[in-house]
Amino acid sequence: MGSPNDVPGIGWALGVERMMALLDKSVIPGKARPVAVIPIFEGDGDEAKAALSQELLDASLKISQTLREAGIFTWHANNQIWSETKEYIGVKKLLARANKMNCKHVIFLGCTEKESNSVIVKNLDTEEQQKVDITSLAQFLKSTEVTSTKE
């Protein structure tokens, strides 16, 4: 390649795509799928909403931190819940974002759940949801499959 002298050598190559096609899919580890944590703000008055918002936000951030410390890949909707006009972005849009990110579960924390020290966990693959105690949340999520070979 570009040399006037003959250089002895032997070469061989196989493309990565061809290697991946030959491998059995069960041998390849799946990508970690995130768990979304979405605080749900309720209330009519602005003052009540602001006070509850901060409490729920703090509680949901604490849940996210606990899950991350347990080794669970977590996406928190903290920076996604307010629009530029300071209006709350609805749960429907946040769920669409979680689906786009290929989240396995969504964790909802509202006022009622905060008072009962529990959360609602929704499995986005099966659309099932159940109430789970906050203290056993990490164990519950680890017991369900959080990785997938979906692309």
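Trainee: Is Lys104 buried or exposed, and what is its relative accessible area?
Mentor: We're looking at a predicted model, where local features need pLDDT of at least 70, side-chain atom pairs count only at pLDDT 80 or more, and totals for chains, interfaces and linings use all residues. Residues are numbered from 1 along each chain as its sequence is written, and side-chain values use heavy atoms, with hydrogens and water left out. Buried means under 20% relative accessible area, exposed over 50%, and partly exposed in between (1.4 Å probe, protein chains only). Lys104 therefore counts as buried, with a relative accessible area of 11%.

Trainee: Which residue does the side chain of Lys104 meet in a salt bridge?
Mentor: A salt bridge here is a side-chain nitrogen of Lys or Arg within 4 Å of a carboxyl oxygen of Asp or Glu. For Lys104 the N to O distance is 3.1 Å, and the partner is Asp125.

Trainee: How far apart in sequence are the parts that Lys104 and Asp125 tie together?
Mentor: The Lys104–Asp125 salt bridge spans 3.1 Å, N to O. Lys104 is in the loop between α3 and β4 and Asp125 is in the loop between β5 and β6, so the parts tied together are apart in sequence by 21 residues.

Trainee: Which residue forms a salt bridge with Arg33?
Mentor: Arg33 counts as buried because its relative accessibility is 4%. The closest N and O atoms of its salt bridge are 2.9 Å apart, and the partner is Asp125. This pair links distant parts of the chain, 92 residues apart: Arg33 is in the loop between β1 (31–32) and β2 (35–39), while the loop between β5 and β6 (129–133) holds Asp125.

Trainee: Why is β4 largely enclosed by the rest of the structure?
Mentor: Helices (H or I, at least four residues) and strands (E, at least two) are DSSP runs, numbered from the N terminus. Both faces of β4 are covered: one side has His105, Ile107 and Leu109, the other Val106 and Phe108, and all are buried. β4 is largely enclosed because the buried share is five of the five residues.

Trainee: In what sense does β4 pair with β2, and how does it run relative to β5?
Mentor: Two strands pair if DSSP finds at least two bridges between them. β2 and β4 have five bridges in the parallel sense, with Ile38 opposite Phe108. On the β5 side, Asn123 is the bridge partner of His105. Four bridges join β4 to β5, and these two run antiparallel.

Trainee: How many disulfides does the structure hold?
Mentor: A disulfide is a covalent bond between the sulfur atoms of two cysteines; the cut-off used is a pair of cysteine sulfur atoms within 2.5 Å. Cys103 counts as buried at 1% relative accessibility, and Cys111 counts as buried at 13%. The number of disulfides in the structure is zero.

Trainee: What is the phi of Asn117, about?
Mentor: Asn117 is in the loop between α4 (111–115) and β5 (118–123), and it counts as partly exposed at 39% relative accessibility. Although Asn117 is not a glycine, its phi is positive, about 55°.

Trainee: And what value is the phi of Asn102 near?
Mentor: Asn102 is in the loop between α3 (91–100) and β4 (105–109), and it is partly exposed, with a relative accessible area of 23%. Asn102 is another residue other than glycine with a positive phi, near 60°.

Trainee: How many helices and strands are in the protein chain?
Mentor: From the N terminus on, the elements run α-β-β-α-β-α-β-α-β-β-α-β. Buried residues make up 32% of the 151 residues in the chain. The counts are five helices and seven strands.
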